[in-house]
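Please keep the sequence and the model in view while reading.

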Amino acid sequence: MTDSIIKAIEKVMEESNIPFGIYISEHGEKFEMGDSGALKNPDFPRTLFYDETSTKEMYEYLESNIQPRMISQGEVKTIIGTYGGSIFAFFLNSSDHVLEHHKLAKRVHKKTLSQIENEIY
């Protein structure tokens with residue numbers, strides 16, 4: 001199932017022109033897709049998912065809030081959500097206003113969940 005979810009995430013990344021993504025399975029396995037070097041701050045993804053504790057805390061945060069969640073550091077913005085017990089996160093360079101980024105985040109999140117469902121079933 002992990003391969004199917006990664007394939008779905010990669011498809012969304014390609015369609016949405018997103019340079020870097022992370023998938024963390026329900027077992028805590030971390031998979032990176034794309035090129036973090038394409039980000040204006042390539043170390044930003046590591047600040048969010050640097051160890052098992054930070055990943056667990058992120059999952060709890062996501063589960064207790066409306067998704068997708070968006071976190072920014074400078075011009076690097078994220079779109080983060082969950083599927084089952086796993087986390088997916090997209091990272092992109094953007095100078096869009098927060099409202100424009102929110103619209104994009106909602107579209108990408110919805111597309112990701114739909115694509116995962118299509119790959120799995």
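## Terms and basis

Two residues are said to be in contact, or to touch, when they have heavy atoms within 4.5 Å of each other. The model is a predicted one, in which local features need pLDDT of at least 70 and side-chain atom pairs count only at pLDDT 80 or more, while totals for chains, interfaces and linings use all residues. Residues are numbered from 1 along each chain as its sequence is written, and side-chain values use heavy atoms, with hydrogens and water left out.

Helices (H or I, at least four residues) and strands (E, at least two) are DSSP runs, numbered from the N terminus. A residue is buried under 20% relative accessible area, exposed over 50%, and partly exposed in between, for a 1.4 Å probe and protein chains only.

## The loop between α3 and β3

I71 is placed in the loop between α3 (52-63) and β3 (72-73). Leaving aside neighbours within four places in sequence, I71 is in contact with F44, L48, M58, V76, K77, T78 and I80. Its relative accessible area is 22%, so I71 is partly exposed. From I71 to I120 there are 49 residues in sequence and 28 Å in space, C-alpha to C-alpha.

P68 is also found in the loop between α3 and β3. The peptide bond that leads from Q67 to P68 is cis, with omega near 5 degrees.

V76 has its place in strand β4. With a relative accessible area of 1%, V76 is buried. Not counting residues up to four places away in sequence, V76 touches L39, K40, N41, F44, I71, L92 and N93. The C-alpha atoms of V76 and L92 are separated by 5.5 Å, although these residues are 16 residues apart along the chain.

S94 lies in the loop between β5 and α4. Is S94 buried or exposed? Its relative accessible area is 8%, and S94 is therefore buried. When neighbours within four places in sequence are left aside, S94 is in contact with E75 and K77.

## Packing of α1 and α4

Helix α1 (residues 2-16) and helix α4 (residues 98-120) pack at an angle of about 140 degrees, with their axes 8 Å apart. Axes are lines fitted to C-alpha atoms, for helices over the stretch in contact, and angles run from 0 to 180 degrees between N-to-C directions. Angles under 35 degrees count as roughly parallel, over 145 as roughly antiparallel, 65 to 115 as roughly perpendicular and the rest as oblique; α1 and α4 are therefore oblique to each other.

Which residues make the contact? On α1 they are S4, I5, K7, A8, I9, K11, V12, E15 and S16, and on α4 they are V108, K111, T112, Q115, I116, E119 and I120. These residues divide into seven nonpolar, four polar and five charged. In this division, Ala, Val, Leu, Ile, Met, Phe, Trp, Tyr, Cys and Pro count as nonpolar, Asp, Glu, Lys and Arg as charged, and the others, Gly among them, as polar.

## The nonpolar cores

A nonpolar core is a set of buried Ala, Val, Leu, Ile, Met, Phe, Trp, Tyr and Cys residues joined through side-chain atoms within 4.5 Å. The largest such core has 18 residues, of which I9, I79, F90 and V108 touch the most other members. The elements giving two or more residues to this core are α1, β4 (76-83), β5 (86-93) and α4. Helix α1 supplies the largest share, six residues.

I9 touches Y23, M33, F88, F90 and T112, not counting residues up to four places away in sequence. Another core, of 14 residues, lies apart from the largest one, and its members include I22, L39, L48 and V76.

## Two further positions

N17 lies in the loop between α1 and β1 (20-24). Phi of N17 is near 55 degrees, a positive value in a residue other than glycine. N17 is exposed, with a relative accessible area of 67%.

K103 is placed in helix α4. K103 counts as partly exposed, at 46% relative accessibility. K103 and L39 are 64 residues apart in sequence and 21 Å apart in space, C-alpha to C-alpha.
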